[in-house]
Amino acid sequence: MLRFLGQRAAMGLLTIFVTTIAVTLLIHLVPGDPVEIMYAQSQGTTPEQLEAMRSKLGLDQPIPVQYVQYIGRLLEGDLGVTIRGQQPVAQLLMQRLPNTLALAALAMLIATLIGVPLGFLAAYKRGTVLDGLLMVTAIAGISIPHFWLGLLLLFWLAVDLGLLPVAGSGPLNIVLPALTLGLSNAAIVARMTRSAMIDVMSQDFIRTAHAKGLSKGKVLRRHVLRAGLVPVVTVMGLQFTFMMGGAIVVENIFAWNGIGRLALEAIFQRDYPVIQGFILVFATTVVVVMLALDAVYALLDPRIRRS
Amino acid sequence: MALVDISDLTIGFGADETKPPVVDGVDISIGKGEIVALVGESGSGKSMTALSIVGLLPERGRVRAGRVLFEGEDLLAFDEAGLRSVRGARIGMIFQEPMTSLNPVLTVGEQLVEALIVHEGLSKAESRKRAVAMLERTGIDHAERRLRQYPHEFSGGMRQRVMIAMMMALKPALLIADEPTTALDVTIQAQILDLLREMVRDLDTSLLLITHDMGVVAEMADRVVVMRNGQVVEHGECRSIFAAPQAEYTRKLLAAVPTLDDPTRTTTAASFGSEVLRLADVSRSFGGGGLFSRQAPLKAVDGVTLSVQAGETLALVGESGSGKSTLGRLAMRLETPDHGWVMVSGKDITRLSGRGLRRMRRAIQMIFQDPYASLDPRFSIGRTIAEPMILEGSVPRSVVRERVGALLERAGLSAAMAARMPHELSGGQRQRVAIARALAVNPQIIVADEPTSALDVSVQAKILDLMIELQEADSLAYLFITHDLAVVRRIAHRVAVMRKGRIVELGAAADVLERPIHPYTRALIAAAPVPDPARRRERRHGMPETEGAAAGHPGEWRAVGDQHWVLA
Amino acid sequence: MTDATETQVAADGDTRQGRAPFFLRLVRQPSGAIGLLIVAVLVVMAIFADQIAPYSPIKMAAGKPLTGPSADHLLGTDEFGRDMFSRIVYGSRLTMQIGLIAVGISLSIGTLIGLVAAYAGGFIEKLLMRSTDVVFSFTETLIALAFVAVLGPSLENAMIAVGIAGVPFYARTCYASALGEEGKPYFEASIAAGAGHGRLLFLHLLPNVVPTMIVIATLGLSNAILAAAALSFLGLGAQPPTPEWGAMLSAGRDFFNRAPWLMLYPGLAIALTVLAFNILGDALREALDPKSRERS
Amino acid sequence: MSMRTRLTSALLALAASTAIPATASAGDIVWARYGDIDSLDPHRATSTLSLQVWSLIYDTLLATDKDGKPVPNLAKSWESNEEGTEYTFMLHEGAVCHDGTPLDANDVKYTVDQAFDEENPSVTKASWGPISAVEVVDPTTVKFTLEKPFVALIPFLADSFSSIICDSNEGKDGFGTSVAIGSGPWKFDSWTKGDQIVLEKNPDYENYGKLADNPGAPYEDRLLITTVPEPQARLAGLKTGAIDVAEPPLDDVAMLKESGDLDIVTAENTGQNVFFEFAVHRPPFDDERARKAVAHATDPEAAISLIYGDLSMPEQCPISRGVFGNDQEFCAEHRPRYDPEKATELLGELGYGPDNPLEVNLLVWTGGKRDKLAEVFQAQLMQVGITADIQMMDIGTMNARVRQENENPEGKGSMDMMTWSWYDPDILYALWHSPGAYRGYTSPELDAMLEETRVLTDPDERRKAVEEVMAYLLEKAIHVPLYTPGWEWVFAVRPEVEGFKVAPFVYPIFSDVKIADEG
């Protein structure tokens, strides 16, 4: 098991390492001179000032040197400052990361609570009308763009009915975005759960369980569910990355103050330090969460736990 | 009165009654403590019959007619609850696939006690005690500890023992065993069969044994029921059926079964042509290395030396994991040996690669076990067979077509089949196509890896005949890889017994099979079920402990007769 | 269906039934038929947009601004009095382009990587698959965003971004199924027959992974269309006056009170298209591999 | 100041952000805007969104009256020498910073010094003019010395660009982010970027000259400035009462006016000017005729009424209403007016036509429905065979981009819908005096004219000079004015909110606001 997790951890580190490189290169792929952009709004800046800022950002150095410097600053928790307003990036991101995580987590909870039971039910009742109905709903659910769903929910629940706050960071504000994200992913979870469970149900050991004379319920609870959990957890892992991605869009609809919204603003403002920081933080988060899920996975599956 | 009395049982798929049934008016009765073998080839409906007894038919399976009287009650009339009270408690079942028949995420203990708790309402503690007892009874030591382990920590044989323990724990009146040993090596099979026999005897349980293997039938059965296309074609006393089969089909079936008493193909090495394949001290290891893998590399083939001459068949015998398939792939240079040489008709192809290798390879072709996967599903039969010729380029494209037709006919198919796609063919036909493809470049030797073990016996026989016929036609050499000694006897001139990557005994088929020296060879032969109830014999359990010699240091070659060597 | 035994010299026991022609198997399923139908409609709309659309999609004041659905403006007009129906129709053309180009990129690069990795093995395999794994864990959205961030917002860049972002998934799928094929005897048989790299790769491996890839690509289309629409919705994709559905949807929200249809129809259009490709994909998968019915 | 952030402080921030954010309660004014400030440091940004907040936290030496004319504020009076190279300001006594320290000449000096800081000068450095020295005569007297005359200094000191930063901010870690000590009517409490800024009333505030009836501290306790990008969301908030003041969706304003359940306040004298300008150093817009063609081809009246109804109005001058020198009639005579035929003809001369359309990029700043307006212009240009490819971008990016376009000698023709807001015609100097804010059109004679506008101390002479410049810019279609006001100028206010008004140059005033408790 340790070996399994070790491999995953190594993979994760590799990912983060690659990200840092990508992020340092990013600013050089940008059309135009970032420093120019930085001082675009300030009138009468002298070339000397531009040079000063350039060397301050180390942009005058060869790329390898820049990379080393970047890593150095990184280790100090310094992700540079925003171009607009020169705010410390690390702080901005850290302020908002919890919001995004909260959103993703809650959405995942919703998706799981809706998706897993329905998927399980569909698998259990497979071939019946109910199954068909559930699966049609699911595929429809997958096809509805979440930004559309989000807007509809926003206008209906918040604007028209005034049931929920429309924007801000109050505890109630997370409901709508989480609902949007959760619902559109519940469909996926349901489908994946269903196929996972069906896989399990068609296994020989289920037949064995029946041959023992266990009741349907007992077979489902003890055998199908326990064995089906493993693949479902893997599904969850994928889900989380979807969620993080979806959060970027949804945050912008509901003005949920997460890193996704920060990132989008930054992209419009060409605020490269923020974009760089965002990519790094995002990737790192995903890696960490995936690692955690791998651990759960390992615990659930004795074949890994006991190796 | 019979324990089980099945009469006029008819089963079909789906609600549509007009579709032909898969089980058609079957009558079977099983007496108390009796062992009844239900024999038939794939698709004969034997498994469906068995499953219907406990109401475990697959999804769309429906019983259309008949009665299944068990202890005087018609199980077909039972509702789910009723059946449940019977399952496990009165009727146990064991399935073919030990690897998948146990839940991988539950400990063996948990799975053992379930039934006990459900049916006998025993307390956890008591049921554990019973479980331990049963495990020990099935010959699993450290039962206590074993209870806490998971299936993946058990070998195939062990799992089947667990299954038996699980099903026998409640002392059922009937045990249904569906191909319980088909997935196991012969030596393990022997042990499991013995165990089964003992258990049912001791607990006075009737056994319905479903199998395709006449050997197993002869070993086990009191009475035999032969099925074909959903119907019972013959049933009766085991001995009498083997002695004097009535039904045409039964006769064919028995005729097809290779037995260990058929004469071996005796020919002395002298009568063969030049050496076509030589493996010199080849070794190949897998695994090991890698960032996180600490375990030592597995030596699949460990310093093997052998040669095959034109026109002879060298059978490579061994159980799963003995490295025999790897050896075959080494000969093909599908694997490259870590050290040692591979020579094809005198030319060293060990270090060849690219074009050179490709040219040499044509002298040595291969036939594979799985007939379904051995043909490219996207290639027509004709195209498949033509491929080697086109690649060789020697044959002008114009005549390729006729050649393909000819080859198909040689392989016992019609030239018309060239237009067919693989999925339209039966397993046997595919194997014939595979052979035709192998012949396309007139190789000197063909490596055949378990070419018949996926086929029903009747088909098996035909394929073997074909191969022999081809061999005799133009002194073709075979390196024939198999686990089935009966097949060996049928086709081999010489036999090499492999174990743990080494050859432990090598010699003329007659010598090795009649006068085995190496304990492992002995065990193999002893374990092989003999399709003759008359010669049923009690066997000693387990494997002879030859570990020391086989596993540890290499050991030496000792000539024990003319062209007959053993590793000691 | 051919029962091999009839026409057969050596009747070797069991004979697998031949299967109905692929297309039949596809349309026999309701989902397949429906999906195919909708997609067909979309394709027609896309190709004959000029004939179907009553107005130019960017002609302002084609009607009174913000009028609801009516006889001469089936789906109403937007705030510039542009005919929504015409915009939706032309939008289908864009959507198709986006989907096809994006998937085209993912598919071609992904398949190549997957095939080569599976075939070459050894170091190349490790290198290729490790790096795809790495990229994969960035998640598509991030990759797409990063691309647009660098290249700047535009429909073309959005397509490229979505395409690139998809590569790892396609590569993995192709790799997996290629490995499967490689393990099969027929592959080794043709090695034994002396087949060279090219032949093995493109005559044996490729054709056998194609079915899988077709399914993935079909489902991928819906994925790509959604992703691109999302980018446009965020303003990172299509720029005005392009009648791209995502962009239209996002423009429509300002008028939610007075002209809900501006937000409704583009959304519906996207949903319907995506749905079509989803169910078609599922149907394809089933038609190609009946075993997968359960797994749908 | 240090731009560094140690991980620790980041973590602290994390902890802070997870704490429950401030939520509105009685005595709070909630003001929702589409975006957030860039910085609390007046030297670090130029956006209107930022300026509006500074004007609440900080005070200024001078202030503007309702017509936008400079009047005394912190400085009760000022005088200058004839040449206009020395300005001396007399400050009120007893003004205090939020941290209790007195606000005196040192704070003024500190502010200016920061603006001219060597290592990290203010982004508005140039607008401060040629200041060579600031000298503290005594705590209530401060003297500015200029290298040459700079008449725009006075209006500048009335604007929040010149917010007086208390010198007690010196060395405070996080100034501009988590610290902002000023002397304005509102005290800075907290800022969660992207979410909200919390201000508390400054009990010690004394209003010396800012445009508010309230002579002292605001009536309400707190002012919450929240960010709500979605216009419909802002509207919903206004309706439910979660928001007191906000910019409504421009499309719904008419409707709101009728229904009357919200009061609509539109800012006047915003000084905002939205105009076309061109990349003039390469074809086609290096040719006056091409620029004129665009001017002739576009019809602001129609476009604006289609998009904004009566919320905004066409502007004829390069400097907008409320700014010294603005004169609609005068400008109208010189600005090329809507005339498609003329446009087509001019294009014809340049060899463009239906078969050979002129293709250009049209850069536009996102928001304020400018994208929609641009689409209308795009359609109008299409009529005369100019295909304009609209490119939306943030104002900062656009500034950079416009500059790049001007510096780039070849490539596709580029024009942009630029937006500027200033309180004085000196903006024309910033924009068009060589090298030019965007390295755009410059010429010696224009430079000469512009220099005039800076030094002429006599109002009437200066007006003449300004008009000359405007005529020049308009006739050469260098600066093609479109409309004013252009952004964040409409406010919807809940009925129970009394006393909300907007000072010139869109500075909302909250000192007078009283919220009548309903029921």
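How many residues does the contact take from chain C and from chain A? In this predicted model, the contact takes 35 residues from chain C, while chain A supplies 38 residues. On the side of chain C that touches chain A, the elements giving two or more residues are α5 (122-137), α6 (140-151), α9 (197-233) and α11 (261-288) of chain C. Sorted by class, this side of chain C holds 22 nonpolar residues, together with eight polar and five charged ones.

Within chain A, helix α4 covers residues 63-75 and has 13 residues. From its first C-alpha to its last, helix α4 of chain A reaches 18 Å, which is close to the 18 Å expected at 1.5 Å a residue. After α4(A) comes A:G77, a residue whose phi is positive and lies near 75 degrees.

Turning to chain D, the secondary structure comes to 15 helices and 23 strands. The C-alpha trace of chain D spans about 70 × 60 × 50 Å along its principal axes. Because a compact globule with 519 residues would have a radius of gyration near 24 Å, the 24 Å of chain D agrees with that expectation. Buried residues make up 57% of the 519 residues in chain D. As for the contacts in chain D between residues at least 6 apart in sequence, 71% join residues that are at least 24 apart.

Terms used
Residues are numbered from 1 along each chain as its sequence is written. Chains are lettered from A and ligands numbered from 1 in the order in which they are written. This is a predicted model: local features need pLDDT of at least 70, side-chain atom pairs count only at pLDDT 80 or more; totals for chains, interfaces and linings use all residues. Helices (H or I, at least four residues) and strands (E, at least two) are DSSP runs, numbered from the N terminus. The expected span of a helix is 1.5 Å times one less than its number of residues. Two residues are in contact if their C-beta atoms, placed from the backbone, lie within 7 Å. Ala, Val, Leu, Ile, Met, Phe, Trp, Tyr, Cys and Pro count as nonpolar, Asp, Glu, Lys and Arg as charged, and the others, Gly among them, as polar. The radius of gyration is taken over C-alpha atoms; the globule rule is 2.2 Å times the number of residues to the power 0.38. A residue is buried if 20 or more other C-beta atoms lie within 10 Å of its own, exposed if 12 or fewer, and partly exposed in between; C-beta atoms are placed from the backbone.
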